[in-house]
Amino acid sequence: MAVVASDDVIVLDEVSKVFDVRRKTGLLRRERRQVRAVDGISFRVARGEMVGYIGPNGAGKSTTIKMLTGILTPSGGRLRVAGIDPSPGSRGGWGAGAGSRERTRLARRIGVVFGQRTTLWWDLPLRDSYRLVHRMYRVPDDRYRANLERCVEQLDLGELMDVPVRQLSLGQRMRGDIAAALLHDPDVLYLDEPTIGLDVVSKAKVRAFLRDLNAERGTTVLLTTHDLTDIEQLCSRVMVIDHGRLMYDGALAGLHEVGESERTLVVDLERELPPIEEEGARVVRVEGPRQWLAFPAARSAAPLVARIADRYPLVDLSVREPDIEAVIAKMYAERSGRPTEEEGEGAGVEPDGQRV
Ligand SMILES: Nc1ncnc2c1ncn2[C@@H]1O[C@H](COP(=O)(O)OP(=O)(O)OP(=O)(O)O)[C@@H](O)[C@H]1O
């Protein structure tokens, strides 16, 4: 078994989750099938890290989060959150009697926000929902007051405190949910699509709040999202999951290499000329005197620029960075065998081994 560093607050070793699914195939016939939603995933998240957990629809992200919160029991593997096994039904998990004690202990250490649904009480105003959280978690009064004050101020909830949750807009409700998840000072915060459906201003507000929370309180955050700007702005590390397996674990920038992405050199020549021929680059488009050359994102542009400047009548040039969304879309498509829009334009970088 792998050694667990003392500051690893989330630990997964070969965790899997298999669902038994029954499907109606005829009037009286049903087919039984197994869905391997999470397939032997291992990772560690250190205290204070803010990690993005991304993948296409159905990749296994929510299932992982549900196992980490104790909502679902893994079919195999080992899981620890703040030293606690979140799985009530697993072997080596909570024994009879110890169950509710462990559940309470875990609940005090974690906060969860599911963007797709609220954990607040639909008919109650935010203020009353928060009072219930205060009681349920037995948060000491002074801590509760300080946390509430901070959330109300930073998440702009002041005018919303007496509005029933059902009357809040999606963005307002999301901010309300995030506050509810933090009133008991959890060490770990799971965010499942916290910016889904929010407008640009609300997204910015939520992101700024999470950045401050992580910087000031050292709260460990595991964030799933389909909005890569969330990851770009918040996370120094990203994990990519697909078909229940971890495909990548590292810096967001490193995805460029693994995704075999290319940068583009846009060259303006003095006049229309045949496509430029340079080793390590290929012309992907020509429009009059302008030519576009693709070259591996991992390589420096300087030698290529120098060679072209030496051999061609150059007027101007610029370098375009690869779009991270395109890199990830390509990665997802490669795994599922689907072609991407860019395919055919080719790619040339060797993977650097960061695939997991
Ligand atoms: N309760 C369940 N019963 C049966 N199958 C399930 C259940 N929950 C999830 N699955 C299946 O497990 C796989 C992973 O689902 P999961 O919700 O974890 O994906 P996800 O990465 O969160 O997707 P999305 O981005 O669409 O939310 C999917 O094939 C899904 O249909």
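Okay, let me start with a definition: I'll call a residue buried if 20 or more other C-beta atoms lie within 10 Å of its own, exposed if 12 or fewer do, and partly exposed in between, with the C-beta atoms placed from the backbone.

A word on what we're looking at. This is a predicted model, where local features need pLDDT of at least 70 and side-chain atom pairs count only at pLDDT 80 or more, while totals for chains, interfaces and linings use all residues. Residues are numbered from 1 along each chain as its sequence is written.

So, the overview. Of the 356 residues, 35% are buried. Say two residues are in contact when their C-beta atoms, placed from the backbone, lie within 7 Å. Then, of the contacts with a separation of 6 or more, 68% come from residues 24 or more positions apart.

On to the sheets. Two strands pair if DSSP finds at least two bridges between them. For angles, axes are lines fitted to C-alpha atoms, for helices over the stretch in contact, and the values run from 0 to 180 degrees between N-to-C directions.

Now for E6, as promised. How many residues of E6 are buried? It's 5 of the 5, so E6 is largely enclosed by the rest of the structure. Val188, Tyr190 and Asp192 point one way, Leu189 and Leu191 point the other way, and all are buried.

Who sits beside E6? E5 pairs with E6 in the parallel sense over 5 bridges, and valine 113 has leucine 191 of E6 as its bridge partner. E6 and E7 are also parallel, over 5 bridges, with aspartate 192 standing opposite threonine 224 in E7. Getting from E6 to E7, the chain goes through helix H6 (residues 200-217), and this β-α-β crossover is right-handed. Right-handed here means that, with the strands pointing away from the viewer, the path from the first strand over the helix to the second runs clockwise.

Elsewhere in that sheet, strand E3 (residues 50-54) and strand E8 (residues 237-242) are parallel over 4 bridges, and tyrosine 53 stands opposite methionine 239 in E8.

A residue is near a molecule if its C-beta atom, placed from the backbone, lies within 6 Å of it. The residues around the ligand include Phe19, Val35, Asn57, Lys61, Ser62 and Thr63. Which element gives the most to this shell? H1 does, with 3 residues. Strand E1 (8-24), strand E2 (30-46) and helix H1 (61-69) each supply at least two. By type, the shell has 5 nonpolar, 6 polar and 1 charged; Ala, Val, Leu, Ile, Met, Phe, Trp, Tyr, Cys and Pro count as nonpolar, Asp, Glu, Lys and Arg as charged, and the others, Gly among them, as polar.

There's another open sheet, with 4 strands in the order E11-E12-E10-E13 and antiparallel pairing. Strand E11 (282-287) and strand E13 (314-320) are at the edges with a single partner strand each, so one side of each has no neighbour in the sheet. Here the twist averages 20 degrees from one strand to the next. Strand E10 (residues 262-269) and strand E12 (residues 290-296) run antiparallel, joined by 7 bridges, and valine 267 stands opposite glutamine 291 in E12. Helix H9 (residues 302-311) lies across E10, E12 and E13, at about 160 degrees to E13.

Most residues other than glycine have a negative phi. Alanine 82 has a positive phi of about 50 degrees, and this residue is partly exposed, with 19 C-beta neighbours inside 10 Å. Arginine 138 also has a positive phi, near 50 degrees; that one is in the loop between helix H3 (126-136) and helix H4 (141-154), and is exposed, with 10 other C-beta atoms within 10 Å.
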